[in-house]
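Work through the exercises below with the sequence and the coordinates at hand. Try each task before reading its solution.

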Amino acid sequence: MKWEGNRESDNVEDVRGSGGGGGGGFGFGGRSIGIGSIVIALVGGWIFGVNPMTILNIMSGGGGGGGQAPVQQQQSRAPGEPASDRGSKFVRVVLADTEDVWTKLFREQGGTYQKPALQLYSGRTQTACGAGSSATGPFYCPADRKVYLDMSFFQLMEQRFKVEGEFAQAYVIAHEIGHHVQHAMGLTDKVDEARQRGTEKQANAMSVRLELQADCFAGVWAFHANQSRAILEQGDVDAALKAATAIGDDALQRQSQGHVVPDSFTHGTSEQRARWFKRGLDNGQVAQCDTFAARQL
């Protein structure tokens, strides 16, 4: 992915190494969740958008065990001093790119895009949606309109799911920004209201449509970013599609429990996630991402 030298966003809060989150693993009810369970939980809640605390709270009643999610260590720096490591610069550039794309798309429709913040943290952090942990992976909190990211998750992508490449990481960030776009459009609140009125099965189905739309929005970003700045290199799209495939509900359930329960899906199958991301990437049209109107996902 070609990104070096492009504009960096000013909306990144880098609190890594600040020591404000406390130490150790993230446990519930006096019991730590084992890393094997954490991986499945965080990737289920990762990407995307779902408050991962919900998933981990449910899982805390299951098998325990030791182990903690990897925490990325950072060199100390003066308060307010921006980090200059390659990883943080990459995040700033990708966030800036999403800002440019969505500002333009909102303006074309007569609207104004309110840019979200993105917090880089290590270990643990406090959010308006509850405590965040490196074990929960990246997520968007609509209450404070902020994306939270511990970059050790990218290491997990490579080690656990064999997904490599900076464009795959950009897809993760763009998906979370997709949830911010949904919130700005008023979709998130409507879906939450519908989920509260329906059965668990209906609520899960609505969640799937929300997540697949965020995948499609990530593709829309990539389409316009590539048109404007030629960011894509050979293999980038395949890497992003591999990432989308790796975190499909069916793939994760086979890995964790050996069988698939479609009614419990909350994010979509591997095929669906890859296809909706590719749909946005192929046409760049927000209107083509209306998963709620689609008869077949």
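The model is predicted: local features need pLDDT of at least 70, side-chain atom pairs count only at pLDDT 80 or more, and totals for chains, interfaces and linings use all residues. Residues are numbered from 1 along each chain as its sequence is written, and side-chain values use heavy atoms, with hydrogens and water left out.

**Exercise 1.** State how many helices and strands the chain has, and what percentage of its residues count as buried.

Solution. Start with the DSSP runs, numbered from the N terminus (helices are H or I, at least four residues; strands are E, at least two). The chain has ten helices and eight strands. Next, take buried as under 20% relative accessible area, exposed as over 50% and partly exposed as in between, with a 1.4 Å probe and protein chains only. Of the 297 residues, 50% count as buried.

**Exercise 2.** Describe how H5 and H6 pack.

Solution. Two packed helices are described by the angle between their axes and the distance between the axes. Axes are lines fitted to C-alpha atoms, for helices over the stretch in contact, and angles run from 0 to 180 degrees between N-to-C directions. For H5 (residues 166–184) and H6 (residues 187–197), the angle is about 85° and the axes are 5 Å apart. H5 and H6 are therefore roughly perpendicular (65 to 115 degrees). Then list the contacts (heavy atoms within 4.5 Å): H5 contributes His179, Gln182 and His183, and H6 contributes Leu187, Thr188 and Asp189.

**Exercise 3.** Which residues of H8 meet H10, and at what angle do the axes of the two helices cross?

Solution. First, the geometry: the axes of H8 (residues 236–246) and H10 (residues 270–283) come within 7 Å and cross at roughly 145°. Second, the residues: Val237, Ala240, Leu241, Ala244 and Thr245 of H8 meet Ser270, Arg273, Ala274, Phe277, Lys278 and Leu281 of H10. Third, the classes: nonpolar covers Ala, Val, Leu, Ile, Met, Phe, Trp, Tyr, Cys and Pro; charged covers Asp, Glu, Lys and Arg; the others, Gly among them, are polar. By class, the contact of H8 with H10 has seven nonpolar, two polar and two charged residues.

**Exercise 4.** Is Cys289 buried or exposed, and which residues does Cys289 touch?

Solution. Locate Cys289 in the segment after H10. Its relative accessible area is 0%, so Cys289 is buried. Leaving out residues up to four places away in sequence, Cys289 touches Gln213, Cys216, Phe217, Val220 and Trp276. Cys289 and Phe217 are 72 residues apart in sequence, with a C-alpha to C-alpha distance of 6.9 Å.

Methods
Parallel < 35°, antiparallel > 145°, perpendicular 65-115°, else oblique.
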